[in-house]
Amino acid sequence: MKLAQIFKDFEEKLIAKGEEAESLSFVYRSLKNLSFTDFVFALQQEVTEEEKQFVEEIYKKLAAHIPAQYIIGYAEFFGTELKVDERVLIPRPETEELVELILAENLKDNLKVLDIGTGSGAIALALAKNRPDWSVTAADISQDALDLSMENANDQNLNLSFIKSDCFSEISSKYDIIVSNPPYISREDQEEVGLNVLHSEPHLALFADEDGLAIYRRIAEDSKDYLNDGGKIYLEIGYKQGQSVPDLFMKNFPEKRVRTLKDQFGQDRMVVIDDGEN
């Protein structure tokens with residue numbers, strides 16, 4: 001039997017399980033380190049029993065709703081590979097847009113940045129890599145997440161500060177930029193979450209109380225004490241929160257401008273609190 005038929009059979013089963021068929025070839029190519037051309041060529045080859053079992057093992061993990069990135073052990077983010085596993089969320093393309101926005105709007109040297117809820121370190125590491133003159137601190141309530149983000153920093157030879165903190169509980173400095181992609185999914189919206197996300201990614205980093213607004217409220221109420229004069233706040237939000245999150249910050253920062261920006265898919269995705277100079 002050719003590899004193409006093996007893939008066809010398992011991809012149909014994946015679809016029946018509610019998973020994306022493309023994940024099978026993505027994981028296979030990644031684990032085998034095959035280019036797309038090499039993979040197309042391999043599809044036409046007769047397969048051994050050992051090779052069939054290799055594909056079947058990938059299928060079983062995907063069918064158990066384990067995300068493809070957890071299986072291969074890394075995720076692409078802002079031009080780099082980050083280690084990811086069940087300790088952290090898999091970074092999303094929408095978050096890359098938040099990083100791009102921060103870099104585009106902040107051209108000054110030697111800024112101090114705090115990333116609240118850093119997870120894998122995606123945002124903090126991308127900022128530190130692209131602006132090595134900035135002083136970046138990555139904070140998270142989860143020591144497991146911090147351990148992994150520190151591994152990612154070491155792999156990329158980036159010098160960051162890491163601190164275990166529940167929002168600002170262990171923070172004592174002031175910053176020019178505070179950024180956060182906090183848990184923002186309402187517990188009532190669990191049915192909107194993909195099965196591989198719901199079954200495998202850490203719920204501490206996914207769901208928040210108060211219809212998903214709990215962490216935003218804490219940041220809105222407390223961040224003034226941790227912002228330098230002229231400081232800015234950048235947030236990723238859920239697509240339903242384009243009004244509710246800005247309302248929290250307009251209440252607590254009446255003197256600042258509050259913007260809601262859309263992502264590449266036209267969904268409300270970022271909120272920025274600043275002095276209006278951009």
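Predicted model: local features only at pLDDT ≥ 70, side-chain atom pairs only at ≥ 80, totals over all residues.
Close-up 1. Although 49 residues separate Glu56 from Phe7 in sequence, their C-alpha atoms lie 9.2 Å apart in space.

**Close-up 2. Strand E3 and its pairing partners.** Of the 5 residues in strand E3 (residues 112-116), 4 are buried, so the strand is largely enclosed by the rest of the structure. E3 pairs in the parallel sense with strand E4 (residues 135-140) over 5 bridges, and Val113 stands opposite Val136 in E4. Between E3 and E4 the chain passes through helix H7 (residues 122-130), in a β-α-β crossover that is right-handed. E3 also runs parallel to strand E6 (residues 175-180), to which 4 bridges join it, with Asp115 opposite Val179 in E6.

**Close-up 3. The salt bridge between Lys32 and Glu51.** The side chains of Lys32 and Glu51 meet at 3.2 Å, N to O, and the pair links distant parts of the chain, with Lys32 in helix H2 (residues 22-32) and Glu51 in helix H4, 19 residues apart. Lys32 is partly exposed at a relative accessible area of 33%, whereas Glu51, at 17%, counts as buried because the limit for that class is under 20%.

**Close-up 4. The salt bridge between Asp274 and Arg259.** Asp274 is buried at 0% relative accessibility, and Arg259 is buried with a relative accessible area of 16%.

Note on methods
Residues numbered from 1 in each chain as written. Heavy atoms only, no water. Buried < 20%, exposed > 50% of the residue type's maximum accessible area, 1.4 Å probe, protein only. Helix = DSSP H or I, 4+ residues; strand = E, 2+ residues; numbered from the N terminus. Pairing = 2+ DSSP bridges. Right-handed = clockwise from strand over helix to strand, strands pointing away. Salt bridge = Lys/Arg side-chain N within 4 Å of Asp/Glu carboxyl O.
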